[in-house]
Every structure is written in structure tokens, then in C-alpha cells.
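This briefing goes from the overall dimensions of a protein chain to its cores and then to individual residues. Please keep the sequence and the 3D view open while reading.

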Amino acid sequence: MSHVKTIEKGGVIVQAAALERLVAAIFQAAGCEKEEARQVAHYMMDGNLTGHDSHGVIRTGRYVSWIGSRVFPGHRLSIVSETDTIVIADGHNGFGQIIGKEATRIGIDKAKKSGVAVVALRNSGHMGRIGTWAEMAAAENVVFIGFVNVRSSLLVAPFAGTERRMSTAPVAVGLPVAGRDPVILDFATSAVAEGKALVTLQGGKPLPADVLIGPDGKRSNDPALLYGEVAPGAVANPMDGPGALRALGDHKGSGLAFVTELLAGALTGAGCSGPLPRPYANNMLAIFLDVAAFNAGGGFAAEIKSYIDFFVSAKPEKEGGQVLVPGDPERLARKDRLANGVPMAGGAWEDILRTAAKVGLTQARIDQILGTD
């Protein structure tokens, strides 16, 4: 039985486990060891399951096209230097889904021993949804605060500017709450993540108005400003367009993006997203705080739960609406998509099938993967 159902406008809904198997098979065929391919696919699917399609399997074709230049199968994290509380690590351009997990594991373990830890990670492949690593830490009662830049990925114009000067510079915070789901805040400091523009380009939901800006200073939601004209079958490159993403929240988001570049790029020693010809990489400054070291009185979770109750009691803006805390939308999306499948625009699905063919998967093999329970 096929786990793919066609929907309107050429889109599909794919059962999550089947989609994850297909993406894992693609990466294995592209040169990854079986377990590495499985982990990369698993954490990419985490983006889709939490509703962040921009950081999910839509990036499969792009990642495969980067193998041997921007990302290298089999590369693992190494420690450059460390103390009891600080680690400087190099990801050697391994897959970010692997390197991110390794860096987070180190931070959790050090925080558990010393109460606090800081990991300065250089040279990772694209790390996907940073909230994944915040959730990983929170699951072990450790607070996570992460700042990430994308070196050599100029996509965002500063407030009052039209030219690209910053990466999308995501920020993520995770707070564990005993007896309740964690609070997980995770967002790009651009008005939208670049991947959301890619979703739109491939036939998905339109972008909000005014999130892009052209060289003439006019605001728009046309993804062509980011990608330019993309030839049929080509991998869309966000560096090819004449315009830029705008910063989130005007001057406030632009300022947050600016300091994120400095923390993740300058303080880690990895480099900011400037004009120099530096190789592409994700870099992260992550702070880990063991709740047990701060919570001698045991009131941390109780205070958070009390504030959450107060927070969500606010009258909804719209009739029948609901006030949610950070992390709740992702949990609701996960529940829905595990039960009902992952929706994909037609262009995004076609790109995955095209990538599968490029790495040598036959149609019979693809059908077998998608039809296996």
C-alpha cells in the first residue's frame, strides 16, 4: 500500500515514516554510511513534524548537491580546546544533524558536571532546526541558549538597508519544566527563514507581504528576489537573486541578528557572514545550564508553570483562538503529522524524487520504500 496521497494543486501527503525512509535511502546512495543517513533523515524529518518545513526534507536536494564541497559524509566533531566549562569544537563540515547532536551532547555532559557549560562550535554543515538541540538539552533538565550564524550566506538586509549583510542568524532557547512539556523558543532573526521562501518557490504557501526587499527599496513577498530565475530541475540557490530578506521586527530584529552574528561568528572564532571568501559553515555559541545547580529550593518548575497558566489565560485576539507558549505549536504539529502524514507542495515532492533518481534509486526501489509498512 502506498503511503503517498495526492492532494490539490499537485501536492502530496506522505506518511512520516515512509518519507523518512526515502530520505535516508537517498543519503545512503549519495555516499553516507547507513546509520549516518538514518540520523540525517531523522533530524530533517523533525523539522517537518514540528511544522517547520523550511528546515525539513525540502533541503534534501540541496544537501546532496553540497556533498564534497559544503558537507562531507563521515566527518565528525573534534575538540580544539576545553576546560571544565568551555569547549571549542570543530565540525569539519560534517552533516549538521550529526555535528549538532555531538556538540549538544558535550554541552549537556559538561553542564551536568559543572553546573554550566559553553560550547563554541565552528564549521558545521547546516544544522537544521536548532530547536531540536534545545529539546535534547531540556529532556535532560538542562537549559539551552543557542546563537547560530551561517558564514558565507549573506541573505538578510539590515534595518534601513537594501543590501545583504547578515545570515538568517537563528536563536533558540529551551527551558525544561518538570511535569510539563519544555518551553522551546526557536526562530530565525530574518522576517522568515530562507527555507520558507524555498517552500513558496516550490509551490507551497505564499510568504507574508513585505518580508523581502529589492535593490530599489521596494518590499515584496516574491521569492524570485532571493533566488532569481531557477532553471527547471536546478537546485535553487538563495544567493542568486537581486534582493534580500528583511530582518524580523525592523530595528529590533536587525539588532538581534547583528549580535547573533558577533556571538556565533566572532566569539567562536569561526567568522561572521562578511564579504571575505570564507567557506560556508554553520557556527554556534551554545550555553548550557543545569537546572539542578540553580534550583536548590525546587521552585523553578513551579514558577514556570504558574507563569504559563497566567500567560495563556489572556483573552484570545480572535473568537475561538488560543494563546500558546513557545513549543506548543510544534507539539501540536507533530501530533497531527504523525497521525495524518506530512503535506508537501508538488514542487518540493518532485525535487525529492528527482534527487532520488540522481543518486541512482530506481522507481521500483522508490515505490518499495514508499509502500512498505
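The model is a predicted one, in which local features need pLDDT of at least 70 and side-chain atom pairs count only at pLDDT 80 or more, while totals for chains, interfaces and linings use all residues. Residues are numbered from 1 along each chain as its sequence is written, and side-chain values use heavy atoms, with hydrogens and water left out.

**Overall build**

- The protein contains 13 helices and 14 strands, which are DSSP runs numbered from the N terminus (helices: H or I, at least four residues; strands: E, at least two).
- The C-alpha trace spans about 60 × 50 × 50 Å along the principal axes of the protein.
- Of the 373 residues in the protein, 51% are buried, with buried meaning under 20% relative accessible area, exposed over 50%, and partly exposed in between (1.4 Å probe, protein chains only).
- When contacts in the protein between residues at least 6 apart in sequence are considered, 68% of them join residues at least 24 apart, a contact being heavy atoms within 4.5 Å.

**Surface and charge**

**Nonpolar cores**

- The largest nonpolar core has 57 residues, and those with the most contacts inside it are Leu19, Leu22, Phe27, Met344 and Trp349; such a core is a set of buried Ala, Val, Leu, Ile, Met, Phe, Trp, Tyr and Cys residues joined through side-chain atoms within 4.5 Å.
- Helix 1, covering residues 16–29, gives the most to this core, with nine residues.
- A second, separate core is made up of 27 residues, including Tyr43, Ala138, Ala172 and Ile184.
- Once its neighbours within four places in sequence are left aside, Phe27 is in contact with Cys32, Ala37, Val40, Met44, Thr60, Tyr63, Val64 and Phe95.

**Residues with positive phi**

- His92, although not a glycine, has a positive phi of about 50°; His92 is found in the loop between strand 4 (86–90) and helix 4 (96–114), and it counts as partly exposed because its relative accessibility is 35%.
- Ala169 also is not a glycine and has a positive phi of about 40°; Ala169 lies in the loop between strand 7 (156–157) and strand 8 (171–177), where its 0% relative accessibility makes it count as buried.

**Buried and exposed positions**

- Asp290 belongs to strand 13 (residues 281–290) and is buried, because its relative accessible area is 8%; not counting residues up to four places away in sequence, Asp290 touches Ala111, Lys112, Gly115, Asn141 and Val142.
- Gly61 lies in helix 3 (residues 60–66) and counts as buried at 6% relative accessibility; apart from neighbours within four places in sequence, Gly61 is in contact with Val235, Asp351 and Thr355.
- His3 is found in the segment before strand 1 (4–6) and is buried, with a relative accessible area of 15%.
- Gly360 is placed in the loop between helix 12 (346–358) and helix 13 (363–370), and at 53% relative accessibility Gly360 counts as exposed.

**Distances in sequence and in space**

- Gly360 and Ala29 are 331 residues apart in sequence, and their C-alpha atoms are 6.9 Å apart in space.
- His3 and Gln15 are 12 residues apart along the chain, with 5.3 Å separating their C-alpha atoms.
- Gly61 and Asp109 are 48 residues apart along the chain, and their C-alpha atoms are separated by 34 Å.
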